[in-house]
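Here is a short report for a first look at this structure.

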Amino acid sequence: MPNKKFYITTPIYYPSGKLHIGHSYTTVAADTMARYKRMQGYDVMFLTGTDEHGQKIEERAAAANTTPKQFVDDIVDGIKEMWKLLNISYDKFIRTTDPEHEHAVQKIFEKLYEQGDIYKGSYEGLYCTPCESFWTESQLKDHKCPDCGREVKPAKEEAYFLRISKYADRLLEYYETHPDFIQPESRKNEMINNFIKPGLEDLCVSRTSFSWGIPVTFDKKHIVYVWLDALSNYITALGYASEDTSKYDRFWPADIHLVGKEIVRFHTIIWPIMLMALNLELPKKVYGHGWLLLEGGKMSKSKGNIVDPVILCERYGVDAIRYFLLREIPFGSDGVFTNEALISRINSDLANDLGNLASRTTAMVNKYFDGLIPSKKQASEFDNDLISMATATKQSVEKSLDNLEFSTALVDLFKLISRTNKYIDETAPWILAKDESKKPILSGVMYNLCETLRIISILLTPFLPYTAKAIQESLGDFDIYNWEDSDKFGLLPDTATIKKMAPIFPRIEMEKEIEALNSINPGASTKAENIATISQISIDDFAKVELVAAKVVACEPVKKSKKLLKLTLDDASGSLRTVASGISPWYKCEDLIGKTVIVVSNLKPATLCGVESNGMILAADCPDDTVKVIFLDSIPAGSKIR
């Protein structure tokens, strides 16, 4: 067994109805990380499952004239089928109705009660049934649940409470000493300012007004409140409080809890305090990603604005949907799902770039060499650049994946795909094939294309496992598709037999397909009236903005400001330009001098802290609350940007 271990979890989903593509977003991301770590040689535990207790389930089961257990059984079967469709490689699927889980939760409750961290009292407050959450009046938004926007109802009942107020200072100290515990950074600030600093109230952890839950062993009229029940799954799934704790001993603490931002509060306040009270280690990281939105906001069955991933997978293939989810949205930020964005991404990246490369390469090997790559090869003048990029891409993909930057990893990988397509245009195999004396060069070109395609297929595997496998099957059954082989060039045997590949992702006729999709997913329509949140400008408005490349020749802090740097720029206009930029928290002067930036050159001058600023440099606000200046490589100062 490998010495390295990796434990990643998704939230356990509430089986109140059909899952939508927003749920798939988290699970596909977790699956990508699990596959990546397995390829690196880690012993991986990837956990997902279902949270099956609570008042809402009890009410829906009664309305359906069935038992709560039968109600959730039927839905859980559908969830498992969807994860199978999306090629989710989980190692364990936990249900909170599993007997082992229920028994362990009862032991946890008993332990916390016996040591005084759970006590009996009574609760009177405002309760949101869909979210299974109690709220104070001050926490409501427009007198409604701040999470889901639904009505809350007054509730009063005898209950047991967890003393979370007791651990508030200890939790804040943990945040300070473990700065990576909550990611992105903005989520930590939200927890501190909105929940901890105003004062943590002890948490109600039992209910008596309904019966669908885990009974409290020493007070049978009480059932364990859903969040204490649900959050415990991360350790009960490993055998905590059971006779066999070998998996718990190996995998805990978790490396990453992936959760939606709406449940960060439970995972970064209640869950850590539960673990502190149990004297257990805390997970290494809780990552609260954004939402996949439609027009009108977050996807919700009650709003009728959900997108069914099953329908999309049937139309475009599983890997196309996985790619869209991982590529379209920087992980951590909210993103908007539209039918047009989906089709555009499939056509531009998958059909035009990746699919075209695979089909062209394998077709040419079959056309010019009957599917065999001969051993006699000569170099072309374009080889070194391709090979250098092919062997360097692994490092950049790893760096991005280790930071959960799925979109960035795919951008880097598709740069290699684009470069390989360019290599075909540079070497023009169809011209080399006409000259018998150029056949050795043609052979080398074909080998380089196939070998780069091999590297691409390895790096693609965590994201698009079916597609990667199809490429590898076309190149031949060899033991050269391991992660450690993805920065080595020349492993494909000279006499490999290359099978011709049909287009992996056929190009889609945009207008016709959008019309069909809009009838299936009206909430994801891309009609102009549905995108009211985006302020649109005309081409004439955009033409008024002058962007120019400028080199930073000098830099100094602005004495009257903590954020401003005074930049002196050479934009080849004949005179130097001064710009004040609020990037001091993220850049030192030595990081900027000699760099080429983009500057808005026709911005009206403004005086900032005593410095006259003539323009503005372009930078990006990133999901982790950092700012990154947009640097240009190999672009001369003075070049117009358009």
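The charged end of Lys377 sits over the ring of Tyr447, 4.6 Å from its centre. Arg265 has its charged end over the ring of Phe266. A charge sits over a ring if NZ of Lys or CZ of Arg is within 6 Å of the ring centre and within 35 degrees of the ring normal.

| Charged residue | Ring | Distance to ring centre |
|---|---|---|
| Lys377 | Tyr447 | 4.6 Å |
| Arg265 | Phe266 | 4.4 Å |

This is a predicted model: local features need pLDDT of at least 70, side-chain atom pairs count only at pLDDT 80 or more, and totals for chains, interfaces and linings use all residues. Residues are numbered from 1 along each chain as its sequence is written, and side-chain values use heavy atoms, without hydrogens and water.

The structure holds 23 aromatic pairs (ring centres of Phe, Tyr or the six-membered ring of Trp within 6.5 Å; planes under 30 degrees apart are stacked, over 60 edge-to-face, the rest tilted). Phe6 and Tyr42 form an edge-to-face pair, 6.5 Å centre to centre, with 75° between the planes. Phe6 is buried at 5% relative accessible area, while Tyr42 is partly exposed at 22% (buried is under 20%, exposed over 50%, partly exposed in between, with a 1.4 Å probe and protein chains only). One aromatic cluster is formed by Tyr7, Tyr234, Phe251, Trp252 and Trp271.

An open sheet of four strands runs in the order β5-β4-β6-β8, with antiparallel pairing (strands are DSSP runs of E, at least two residues, numbered from the N terminus; two strands pair if DSSP finds at least two bridges between them). Its edge strands are β5 (133-135) and β8 (203-204). Three bridges join β4 (residues 118-128) and β5. Leu126 has Trp135 in β5 as its bridge partner.
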